[in-house]
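Subject: Structure for you to look at

Dear colleague,

I am passing on the structure we spoke about, and below it I have set out what was found, so that you can follow along with the model open.

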Amino acid sequence: MSLLSLEGISKSFNGVAALSEVSLTLEAGEVLALLGENGAGKSTLMKILCGIHRPDAGEVRLDDARVEFRNYREASAAGVGIVFQEFSLVPWLTAIENIFLGREPRNAFGLIQRSRMRVDAERLVGRLGIELDLDTPVAALSVADQQFVEIMKALSLDARVLVLDEPTAPLTPSEVERLFAIVRALKREGVGMIFISHHMEEIFEICDRVTVLRDGGYIGTREVAASDAATLVEMMVGRRVDTVFPPRPPLAANAPLVLEAGITAPGSAQTDRVRLRHGEILGFAGLVGSGRSELALRLIGALPASRQMRVDGREAKIRAPADALALGIGLLPESRKQQGLILPFSCLDNITLNQLGRFRHAGVLIDRGSEHAEVERLMDQVRVKAPGADSVVGELSGGNQQKVVISRWLGRVEDVERGMRVLIFDEPTRGIDIGAKTEIYALIRALTERGVSILLISSELPEIIGLSDRVAVFRKGHIVAELEGEEIDAPTIMAHATGGAQ
Amino acid sequence: MTTTHTASTPRRGRSRLTRLLRSPVFYPLIGFVIVFALMALINDNFLSTANLTNVARQGAIIGIIAVGMSFVIFTGGIDLSVGPVMALTGTVMAGLMVIGLPIGLAIAGGLGLGLAIGAFNGACVAFARMPPIIVTLATMGICKGLALIYTGGYPISGLPAGFSFFGRATLLGIQVPILIMLAVYAIAWVVLHHTPAGRYVYAIGGNEEATRLTGIRVSRYKLMVYSISGLTAALAGLVLASRLMSGQPNAGTGFELDAIAAVVLGGAAISGGRGVILGTLVGAMLLAILNNGLNLLGVSPYLQDVVKGAIILLAILIQRGRAS
């Protein structure tokens, strides 16, 4: 008898099938990896498990008894907990207050029993074997600690099934180890966990079995110990992925400097210098929080800084991102949802937002026909999987959302009048499946062939190593090393990033 | 590989229907039709040409103010100052005419003042990063006080006869206030739906941070929307002063709330990013027929406010249901 089984689950939205006859089982004390490209149906399946969506067909069985959750409350009351990618914590409440939010223990007068909350919370901390300040507002906690609070919240309801939706995406390697320690502790207690991740090494480290979905269909389930990464990737994408990174043509020795920037943060004594040559990819490597994104934001004028800038050898002034754009410098931000896209708007609205001047007619009006045609052309070129230019961006998968952002900047690149000199990609493949990653790498490489220079911020070392011509390594807010050619390898980068090189 | 072209072609037909259903104007129009039909059923006089023209003319003032309010609300902002701005600019126009300025110059002065107050609001919001509700609450009080100081609390009358054109005349058989309103809506429609500036207005309301980072000068367009709001308030002040043939310092009381109600009844999201200008027109006219119909029915003015409030709540409730 399985702890949990999903049998023949089907679900469609607006006539589009998101899942068709997907099944999986989960045993007590087991960690099951759920693997699939973005848009394969993992999130939908988990939302059905947790009562957020209702299946069109199929059933959910818990301890072999059929259950039909009408909402998340019912699911969590029955012992099914989920930790989403986006946390649902109230930032200014403490860990304790968040854990018991909405179901605080009361005394005879209806007042909250803080002492009981504390005892229960401390017991949870002990159970997970972690150290956590329970009295700090969660906004002041690290991302990892916030995630642990989410896990404690789920466990405080006696969750026997725990879903972790890409829990490692925002974590640093050492934080991932702490998370895995928790997962192992829960495993020993008999909690069954469903673990969603795009990282093969994590699946091989922590999971017992793996179920693969593709395009909303069930592909298969394997014992992790009896499988290998290549097999799983093939199951996921339905084809062999041989070369992930596009070939790197040697950079012309006399390639001219496109960008020279000296950036000083307010109140800082240290100036970080960035030099970028024509068609070059400069990687920004470093641990999460090492100041790479901040430097990029200061460079384009989105954060305050004193800047000495030269673009194509000419002195340039930047006070706002609009100035950077006018100079041909653009940013594809780390957080697509908050900083990159207007989710409720169409692909078209998002793509042409910063290039409406291209479709001008009769002075100030927008020629919608040519705009629509251009957007469809760009979306085809980048291979955005969407019904059309009018599709709402928020309804697309993460990989396709990223492709919409890329379509926007590709449009700018191809704009003969205005053009682009430098594009800054901040974590371009975060939360994106392998198939789409490969395509995005190829797109980045193709941009350099059109003469665009790239700043690539990435926390994935293979990405930095596979794409960059040069690498700037960040530590504690500043560039501490610049590597070139043979120097670019994982041990060297990590040594500089962690301070082990000194 | 699925291409966007092959996938999108067969979907067009269905998407037109879903687009109508998703259109922000759809529900306001249905609400309008229901209220209109109810009023017509209950009251025989309602459908007379004279009465309907009257409704549209009365609705024109709120309708004009609501255009500027729409721009502001579409960016996710709010403008509470429009009522007193209308009163102040109306009295200033009247005052300028009384001291002997030509009608055209007096109007230009009043409109310019409205634009300037709007630009001040916009500068506070866009450059000083102050919250719109506080900024416009302050200018609301300031303009109210200035109108009373300027007039000493009394209406300014004795305006040249030619000035009555904007509030009382008819052109091609249509009342001038209605023509002015329709012209303002037509311009607003073109700007919002066919120019880059209009796109940016929605984009700022949809995700200000993303809009800024992609290279749009967000501050500039915030300044623009509050300026437009000040200008349309002053235009409403022109129509009102012309209709009353006097500058009334207290005329604008409560108009900001009716204008906000018109925008929200028109299907706009108060958080910004969603809404259409035609919806605002429907919303303003819905308010106007409500006012008119309740008057014809002899409902007490006190109860009228209660009914209006209840209908606004109902409208928002329906929108909520649709959004989720």
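Please bear in mind that this is a predicted model. I begin with the second largest pocket, which holds about 1100 Å³ of space. Its lining is made up of 44 residues, and those that lie nearest the centre of the pocket are A:His199, A:Glu201, A:Ser459, A:Glu460 and A:Pro462. Several elements of chain A give two or more residues to this lining, among them helix H6 (173–189), helix H8 (229–237), strand S13 (281–286) and helix H17 (490–498), while H7(A) gives the most, with 4 residues. Sorted by class, the lining of the pocket has 22 nonpolar, 10 polar and 12 charged residues.

Chain A is divided into domain 1 (4–237), domain 2 (257–328 + 422–428 + 453–502) and domain 3 (337–420), and the C-alpha centres of domain 1 and domain 2 of chain A lie 36 Å apart. Because domain 1 and domain 2 of chain A both give residues to the lining of the second largest pocket, the pocket lies between them.

Helix H9 (residues 176–194) and helix H14 (residues 277–296) of chain B pack at an angle of about 150°, and their axes are 9 Å apart; an angle over 145° counts as roughly antiparallel, so H9(B) is roughly antiparallel to H14(B). On the H9(B) side the contact includes B:Met181, B:Tyr185, B:Trp189 and B:Leu192, which meet residues of H14(B) including B:Ile277, B:Leu281 and B:Met285. The residues of this contact divide into 9 nonpolar, 2 polar and no charged.

With best wishes

Methods:
Residues numbered from 1 in each chain as written. Chains lettered and ligands numbered in written order. Predicted model: local features only at pLDDT ≥ 70, side-chain atom pairs only at ≥ 80, totals over all residues. Heavy atoms only, no water. 1 Å grid on protein atoms, 1.4 Å probe; cavity = no way out; pocket = protein on both sides within 12 Å on 5 of 7 lines; lining within 4 Å. Points joined across faces, edges and corners; volume = space filled by probe spheres on them. Nonpolar A, V, L, I, M, F, W, Y, C, P; charged D, E, K, R; others polar. Domains from an automatic or database assignment. Axes fitted to C-alpha atoms, helices over the stretch in contact; angles between N-to-C directions. Parallel < 35°, antiparallel > 145°, perpendicular 65-115°, else oblique. Contact = heavy atoms within 4.5 Å.
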